[in-house]
Each structure stands twice: as structure tokens, then as C-alpha cells.
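Q: Can we go through this one together? I would like to start with a single chain and then look at the contact.

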Amino acid sequence: MQPTLVSRRDIFKLLAAASAAGAMLPPDLAAQQKVLARGDVWDPDFLKKNIPWEKPLVDAELATLTVLCDLIIPGDADAPAPSKIGVADFLNEWIGAPYPDNLADREIIRGGLGWLDTHTGSLHGKSFRELEPTQQTAILDSICGATEIPPALAYGHVFFRKLRSLTLGGYYTHSSTWKSLGYVGNLPTGGPYPGVPEEIIKRLGLEES
Amino acid sequence: MAILTDRKTLPEYDAIIVGSGAGGGMMAMQLALGGMKVLMIEAGRNYEPTTETPMFNTPEQAPLRGQSTPEKPFGYYDATVDGGWQVPGEPYSDKAGTQHPFKWWRSRMLGGRTNHWGRISLRFGPHDFKPKTRDGLGYDWPISYEDLAPYYDKTQLITGIFGTNVGMENIPDTPAGILLPPPKPRVGEMLAKKHAAKLGVPIHPIHRAVLTERLDGPARAARLFPNNALAQKILAKDMSSRAACFWATECGRGCSIRANFQSTTVLIPPALASGNLHIITDAMVREVMLDASGKATGIRYIDKPTRSDAEVKAKVIVLSASTCETARILLNSKSTLFPNGLANSSGQVGKNLMDSLGSDLGAHIPALESMPPYNEDGSGGSHVYAPWWNHGKHDKLNFPRGYHIELGATRNMPVMHSLNILDSKSPSTYGKKLMDEARRYYGASISFAGRGEMIPNEHCYTELDPNRLDQWGIPVLRFHWKWSDHELNQVKHMQETFAGIINEMGGSATPRPAAEAINKPGEIIHEAGAARMGASTKDSVTNSFGQTWDVKNLFLMDGSILPSNPNKNLTITIMALAWRSSEYLMQEMKSGNI
């Protein structure tokens, strides 16, 4: 079993939230507690979304993250902006999880948010979220990698890459974005499976297959 | 329903079956429909796919968007309950000197691992039963394809398998009126077929246990049980009540409309309807009990809610606990008559452990970019595959046996990493342009996964760990593993083939080195062979019916009895063997031989 890495404070919260289940406890302790518990992390209740860990970011960090997510993916006529569907809050959930990958992401995201405000403070005397939109995009342009990254902006580039990757993941896993992306499944269809539309078969020259 | 939550079991059953998956489920259904009083013992909890399956749940309804975690390694919505690579409080270990740690997937739920499997249902062929005769390696089966063919027919009739006959060597055809029509291929699968053909790799409809149309219950039931009115009545109704696939949702979540095969959607409902099956869940088997003459008398299990031991008795015991768990029960059932474990006079229990070889390679395919959307969920898995196409060409290959290729070419429901491709294809974009790039690249990729046959060897086995107990006080298993060149050379061939097809398709791929591209032992979850059947009491544990040589009223009925592990995923073969064994078992009981 994955060694648990939750903090002592988280443990108390977990105990309160999932005392019957022993969720997220060190495996030996969890095994002793778990006999027939349901609704824990090994046997979740799909009707009740339970996040048994703290979300680490404070309001100011979340506000900056919200602005950043909307700059990375603005939304369009078919798809809401990330701020409308809680992507920043999801990222807070993601980086709060006690698993190794999430902890690694927490380091980059939380550190990067701090770095960003220090960086914009030295440039403009303001935090990132207080900048004009054109100033914000100028900052992103400087760290996104479209141009060579000077050593002083290396941390910002690492942050941008991770944040973009997580924003893409968090955004396009929300069902309200699927039409825009082009995922049209998860809908029942009667009769035989319809297969590939003719226009695609023609486009790829697959008539003989 | 006869789930005995009160534990009020009968004083004695005709048969006790340990485990509720493919082998146990089939055995229970056959014996119960045959009029025997049967008790099924399941280590995990009761599970009802019709009410518990999260069919249309979306990622935002799950923690971490449904991402896999150590507690739910195949994702939050995977059907597996209380399991995965680890079960809380039930560890396993690796023996010093092993080349690779073994990964052992378990679940603790009614229906076992049939609730989440890939539903790929390929018959073993004539060569597969006589591998040693053909290449001198491993073991022949004590039966031939012809012995099992009628039971493949029956198993296919009851489970419902789609596919076609392809008329290839060692890929047996199915008689008329059994296979359901296959679903049409997806665009990536069609493209792969076109280009793989140039390399001589044939791509055909796969066979999977998913209903592409409703079953004609009365007709199938009459064909299956012409002389059993009770079975006909129950199965006619039950088979007809299963719905056809509606081309949405992942099979691995389970299926609430019972369109795909799970022991809990196909086998256990009719078994319960017979009135002859009792089930106790949350009951962890400790050992098989014996009388002074060496005959099995019952099962001692741990009643998990009370953490106390209990006993149940039967005339026949069937172990269908899964390959490694069955070996574990045998090794833990020690007595003065069987000091090395029950039915282990050959010393073969725990030996000859095999998994399927696995290796995969994926790549971006430019021709699939910016594809107009259409439903690619389909039947939930591959619609096509490449059966092994190199029989008779082994003089030109540097490995024995072979593999089949499964395709991953579908715009699945997005998961967290679905757009990772943009990290390399469009690393610095953001804003509206990023949304355009997401549309362009989403699903524009393909992956190939090989499933190959390994040769059993003396370095791959499981045994009791002398120092560790699980939380129930039962000694745990430890594993030892070592690949041979047979396996590594085959994986090298897989990688070269996959890269070749990808490059033909216009992608760009380089074969990965075999030693790193081979899946970890156990990772394909096709364990087999730990208590193999054979022709001789000297070097095998059971006869071809799974009846142990040492104890006549003890049967093994899961992957443990397979003498070889052909590349054709073993579930349907376990069920066909169970069907065959159940007839023998009932006949032997009637004749008073057991």
C-alpha cells in the first residue's frame, strides 16, 4: 500500500470525516479499522463525492489561480471559462491530495504562485491578479516558452508548463467542455453501433478497409 | 435471493465453491441448475452491478477527476471493490533474489475480477493444447481442443460473444448461430488495418463478451439444456432480460444493463434463481478440512464481521479462488497426511506460475488530427485485433509461441492526461489557440498492446512466506520471478511490429528496449498454472477435470489448473473447463465415485 503522506492535521480531519472507514490512514492502522466499512477510499460511495483531505490554497492564491486558468483557456461559445466551472478549486483539490504525484505538483503550483507575485511585484509593484490583462499576457508570454527563457524566468517556465497541463486536464475532464473538444460519447444509442461517418471514411481513403 | 447474511448455512451441502468469479460462478450455476445444493463462499462483500455501477458518472463527480490512486489503481469508477494491487490488511511479498517484484491484482467482491475485466474472449486453438509436442517447451494439456470445443460453444452461447470467424491457423472458428455480430471498427482501427496489412499483420474483428444484440433466451436455453426443464425455464428468462450494449460507458465500471459478461450479470443470477445456491460473503477461507481417510469434509473460514472461525461441510469442495489464492489455500491446508500442503504430493502447487506477456507502444497519428466528432465509445474496448499470424514461421523467429495485438484507438471520455500530447506538440501555446490545439490533437493517437504467451520456468513460482500473516492470521504468499530470453525476444518482436505499423500509418515511433518495455509480472492479470492439470500424478496436481489426484472430492476450477497460458486471455477457457468439469463432477457423484 502506498505510504501515506498526509499531515498530522489532515489525519485528525480524516479521522473525523471517515472514522468508520479508516480512509487514508497508514495501511496497518487502516487495515485494523477496516473490516466491512463501505464508502471509504477502497470502496467509494459513487453518490457522495468525498474529498478526505485539506485543500491547501488560501483565497489570495485561489484568486490568482482563477485568473491564470482563464488566461490559459478562455472558453468560447461552446464551452464555459474555467472560472465558471470551478477549475481553480479543482486544482486546489488536486494539489492537496496526499499522493506523491500530487505532492510534486503542489510544490510547483504553490511555489510558482508565490514566485509569480514576487516577479510582478518587482516589475509593476502589484500582484499578478491586479495587473491589466495586457500586462498579464505579457508575463505569460515571457514564461510560456515561445521565446528563449532566461535563467531568471526558469522557475516561471516550470510553473507555466505544469499549470497549463493541469488546467487542460481539469478543464477538459469537465463534461461541460466536451462539445467544444469534440467528445460526443457517454450517450446511449439504440441499435447497432453506427461506426465511422462516410465523410471521414472518404477523407482518409478507407473505403476498402 | 439466498445471500446468507445470518450465516444460517445448511448442516451439509452437496458442494462448497470457494470464489465467485469465472470458474466459481460457472461451477455454481451448473451445479445449482443440476439440482445440487451448493454453498458459495466469497471473501469480499456482496455486489450488485445492476444497482451499483456508476454508468454515466462524469469525471467532475469524482475526487481527482476519477484519476487512479493507490486505492483505486484503475481509476475511481473501476468496478474493483476493496482491491487492486493491494488489499488492505492482506499483504504479499517477494522472495529474496527475485528478478522483478510480482504484482497481484485481487478484489474482494461477489463476482471477483470478472466485474472489471476486458471481456476479450478468444478460444484457445488446437496448437495451444499441445505446445510441448510442437516445440518441446512447457507442458502439453491432457486434453485436446476437440475435448473442449463443445464447451466453448456452450460458454459462448450463455455469455454472448461478438466476433467473426477468420479461418486462420490455430484461431478456431465458432459454429453457426453462436457469435453475435461485431460492432463496426472505429476510424483509428480502420486506418491501422489498412496499414498493418502492408506488413502482413492481419486485423480482424475481436471477440468480446458484450451483447451487440439481445439474446434469444428461449432458443439458447433449449440448445444448452435440452434435458433440463428447470435450467431452460430459468435461463430463457434470464438471458432474455439482458439488454444489448448501447455504445457508451466503460466496461471496466461494470454494466448495470447486463450487456457485458460478469459472473454477477450472467452466472450468479440464474444460479440463485434455481433456489439451490446459498452464498456467504465476507468470509475468508482459511483451509480445507479433511477426515482421517484424507477425504475433504468442508471449509474453515474466518467470518470477517466477527473475526471468528467458522466451519461448513460438503460432499465436494471446489476451489475457484483465483490462481494464486487457490494455491495459497492448498499450501495452508497442511495435515499429517499432507505436510506440504493439500493435494501437493507432486510438489507442483505454486510452481509453473505464468502471466501473459504484455508490452505496448503508442504514438501520435497526424492523419487522425481534427477528426469530426462521432461516438467512439463503441463497445467499451477494442473492436478489432490482430490474431497471431506467424504459426509455422518459428524457424525465422528467435522465440516460441506468439502474441495477439489489441488496439487503443478511440477518443475516450477525457481523463487528466488525455491532452498531455500538447506538452510536446504545442508546448508554449495558451488562450484561444490552445483550445484549437486541443481539438486538433485530442484522440489523434493510437496505441498497440501485445498479449503474448510465456513459457513456464522453474524461477517463476509462489510459496508461503514463512514470516508473515495477513490480518486474518493466514500465512501470505511470496513470489519469485525471472523472465527468460523467450519472453524478452518476443517482446522485442512486439515492439518492432508496433513501431512498424505506426510508421506505416504516418506516425513516428521507435521500438522500446524489451527489458523496459515488458510489463511487470502479474501486471496483465492473467495468472495461471500454479496447480496445473496433467496426465500423471507425478508431475501435476489435477486431472483434466480439475479433480485433484490426491483428494478425489476436491476440485480446482480457475486459472491455477492451466498447464500453459496461451496468448488468448484465459477467462472464457476457465468457464469452458468449469462447464466440462461440472458434468463430470455430477456424474461421478451420481455413480457414487465421490
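A: Fine. Keep in mind that this is a predicted model. In chain A, buried residues make up 47% of the 209 residues.

Q: How many helices and strands does chain A have?
A: Chain A has 9 helices and 0 strands. Along the sequence the pattern reads α-α-α-α-α-α-α-α-α.

Q: Changing topic: how much do chain A and chain B bury between them?
A: About 6,900 Å², and 63% of that is on carbon and sulfur atoms.

Q: How many residues does each chain bring to the contact?
A: Chain A brings 79 residues and chain B brings 82 residues.

Q: What about salt bridges between chain A and chain B, how many?
A: The count is 3 salt bridges. One of them joins the side chains of Asp43(A) and Arg45(B), at 2.7 Å from N to O.

Q: Which helix of chain A gives the most to the side that touches chain B?
A: Helix 7, with 10 residues. The residues on that side of chain A divide into 43 nonpolar, 22 polar and 14 charged.

Notes: Residues numbered from 1 in each chain as written. Chains lettered and ligands numbered in written order. Predicted model: local features only at pLDDT ≥ 70, side-chain atom pairs only at ≥ 80, totals over all residues. Heavy atoms only, no water. Helix = DSSP H or I, 4+ residues; strand = E, 2+ residues; numbered from the N terminus. Buried < 20%, exposed > 50% of the residue type's maximum accessible area, 1.4 Å probe, protein only. Contact = heavy atoms within 4.5 Å. Buried area = accessible area lost by both parts, 1.4 Å probe. Salt bridge = Lys/Arg side-chain N within 4 Å of Asp/Glu carboxyl O. Nonpolar A, V, L, I, M, F, W, Y, C, P; charged D, E, K, R; others polar.
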